[in-house]
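My entries follow in the order I made them.

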Amino acid sequence: MRQIKFRAWNKKIGQFHYFDLINIGSVTRDFTIAQWVEMPKQQFTGLLDKNGKEIYEGDIVQHYDGQKFKVEYVDGRFKAIRPRYPMFDDERDLWTFGEAITIIGNIYESKHLLKETPNE
């Protein structure tokens, strides 16, 4: 059974706050209700990358063949989506990658990683 964990992006300090349903009170007491509501929350997928790092929604992952994907929760499943190719509907269930992916960033700190590069 996977752990139900989350992270919230605090744009004021540029940092994630990690929590689960048991310790949410220790995280939320540091913020006003308005601040907490404004923070985007992302869920842990239950999967680890090849380095044993937890994969969350909003992470940018790279397949061993060099392809980059954004992790999203779509239609009740965690998906790896290639944002450069929306017309091809290039998305896959995240679990199908196994440990063949590495987290290389996230949509808040590393959005530039999803842009097209001359070598791709």
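Which residue in strand 8 does Ile81 stand opposite? I found Glu91 there. Strands here are DSSP runs (E, at least two residues), numbered from the N terminus.

I noted the source. This is a predicted model, where local features need pLDDT of at least 70, side-chain atom pairs count only at pLDDT 80 or more, and totals for chains, interfaces and linings use all residues. Residues are numbered from 1 along each chain as its sequence is written, and side-chain values use heavy atoms, with hydrogens and water left out.

Next I followed strand 7, residues 77-81. Strand 7 pairs with strand 8 (residues 91-93) in the antiparallel sense over three bridges; two strands pair if DSSP finds at least two bridges between them. I also saw Lys79 opposite Asp93 in strand 8.

Then I looked at strand 6 (residues 68-74). Five bridges pair it with strand 7, again antiparallel. Lys70 stands opposite Ile81. Two residues lie between these strands in their hairpin, and Asp75 takes a positive phi near 50°.

Five strands form an open sheet in the order 8-7-6-5-9, with antiparallel pairing. Strand 8 and strand 9 (101-106) each have a single partner strand, so one side of each lacks a neighbour in the sheet. The twist averages 40° from one strand to the next (axes are lines fitted to C-alpha atoms; angles run from 0 to 180 degrees between N-to-C directions).

Last, I checked strand 1 (residues 5-10) and strand 2 (residues 15-20), which run antiparallel and share six bridges. Trp9 has Phe16 as its bridge partner.

Methods:
Buried means under 20% relative accessible area, exposed over 50%, partly exposed in between (1.4 Å probe, protein chains only). Helices (H or I, at least four residues) and strands (E, at least two) are DSSP runs, numbered from the N terminus.
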